[in-house]
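User: I'm new to this one, so please take me through it question by question.

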Amino acid sequence: MIYLDPPFNSKRDYNLLFKTPKGLSRPAIGREPETGMSIFSDAQITAFEDSWHGGEQAEREFGEILRQSNTDVAELMPALRAFLGENDMMAYLVMMENRLMEMHRVLKPTGSLYLHCDPTASHYLKIALDGVFGKKNYVNEVIWKRTAAHSDAKQRSVHFGRTHDTIFFYAKSADDARWNPQWRGYDDSYLDSH
């Protein structure tokens, strides 16, 4: 089983916050009067940028897609490129498609993949997954409401609140896939009352 929670192409930078000593390379920045230790300040570094752009790397990966043996993907990606054009979404899909093909390759016949995404690209990722796994191996779409999600719909907004993510569930082979039903026993209070 593979659970995949990739970048969502949100066009945002995600930062890692930490404390760091000030001015280790600069003399006499400051010391705590009581301890003589270096003064610490909040700092951050970019953990990753969730923005994708075309360029040499994207073109190289697009070429790899066209040369691989999955003819559905080799036909799908040029069609998506013709529809979307050369843009950030296409660069993102090229990056994802190459990785999805490799994940499909290493899955056992009984394996499955769960891809977590948000509405930014979920509709395109579903098509990309159909190309890699085959339409017949699509099992489920799970809608996952974000825990304690605050709706992003505010006064005068022009859309409903965006409060969920999607998890696409694909089997490597629908005929060989294993499924373990999920269940939990009833509460004692429920059993007593019913």
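Predicted model: local features only at pLDDT ≥ 70, side-chain atom pairs only at ≥ 80, totals over all residues.

User: What pattern does the protein follow along the sequence?
Analyst: The protein has five helices and six strands. Read along the sequence, they give β-β-β-α-α-α-β-α-β-β-α.

User: How much of the protein counts as buried?
Analyst: Buried means under 20% relative accessible area, exposed means over 50%, and partly exposed lies in between, using a 1.4 Å probe and protein chains only. Of the 194 residues, the buried share is 34%.

User: Back to the strands: what is their order in the open sheet of four?
Analyst: Two strands pair if DSSP finds at least two bridges between them. E5 (residues 138–145) pairs with E6 in the antiparallel sense over seven bridges, and E4 (residues 112–117) is joined to E6, also antiparallel, by six. The open sheet has mixed pairing and the order E1-E4-E6-E5.

User: Which strands stand at the edges of that sheet?
Analyst: Each edge strand has a single partner strand, so one side of each is left without a neighbour in the sheet. The strands in that position are E1 (2–4) and E5.

User: Which residue in E6 is the bridge partner of Tyr 138?
Analyst: E6 (residues 164–171) is mostly covered, with seven of its eight residues buried. Cys 117 has Thr 166 as its bridge partner in E6. For Tyr 138, the partner in E6 is Tyr 170.

User: What angle does the direction of H4 make with that of E6?
Analyst: H4 packs on the sheet and touches E4, E5 and E6, where contact means heavy atoms within 4.5 Å. The angle between the directions of H4 and E6 is about 5°.

User: Is Ser 112 buried or exposed?
Analyst: Ser 112 is found in strand E4. Not counting residues up to four places away in sequence, it touches Met 1, Ile 2, Leu 107, Phe 169, Tyr 170, Ala 171 and Lys 172. Its relative accessible area is 10%, so Ser 112 counts as buried.

User: On to the helices: is H1 oblique or roughly antiparallel to H2?
Analyst: The axes of H1 (residues 56–67) and H2 (residues 71–84) come within 8 Å and cross at roughly 140°. Angles under 35 degrees count as roughly parallel, over 145 as roughly antiparallel, 65 to 115 as roughly perpendicular and the rest as oblique. That makes H1, relative to H2, oblique.

User: How many residues of the contact of H1 with H2 are nonpolar?
Analyst: H1 brings Glu 59, Phe 62, Ile 65 and Leu 66, while H2 brings Val 73, Ala 74, Met 77, Pro 78 and Arg 81. Ala, Val, Leu, Ile, Met, Phe, Trp, Tyr, Cys and Pro count as nonpolar, Asp, Glu, Lys and Arg as charged, and the others, Gly among them, as polar. In this contact two residues are charged, none is polar, and the nonpolar ones number seven.

User: How is H2 oriented to H4?
Analyst: H2 and H4 (residues 122–133) pack with their axes 8 Å apart at an angle of about 155°. That makes H2, relative to H4, roughly antiparallel.

User: What is the relative accessible area of Leu 84?
Analyst: Leu 84 lies in H2 and is one of the H2 residues that meet H4. Leaving out residues up to four places away in sequence, it touches Met 89, Met 90, Leu 93 and Tyr 124. Leu 84 is buried, with a relative accessible area of 16%.

User: How far apart are the C-alpha atoms of Asn 98 and Val 73?
Analyst: Asn 98 is found in helix H3 (residues 88–106) and is buried, with a relative accessible area of 13%. Leaving aside neighbours within four places in sequence, Asn 98 is in contact with Glu 61, Glu 64 and Ile 65. Asn 98 and Val 73 are 25 residues apart along the chain, and their C-alpha atoms are separated by 9.7 Å.

Note on methods
Residues numbered from 1 in each chain as written. Heavy atoms only, no water. Helix = DSSP H or I, 4+ residues; strand = E, 2+ residues; numbered from the N terminus. Axes fitted to C-alpha atoms, helices over the stretch in contact; angles between N-to-C directions.
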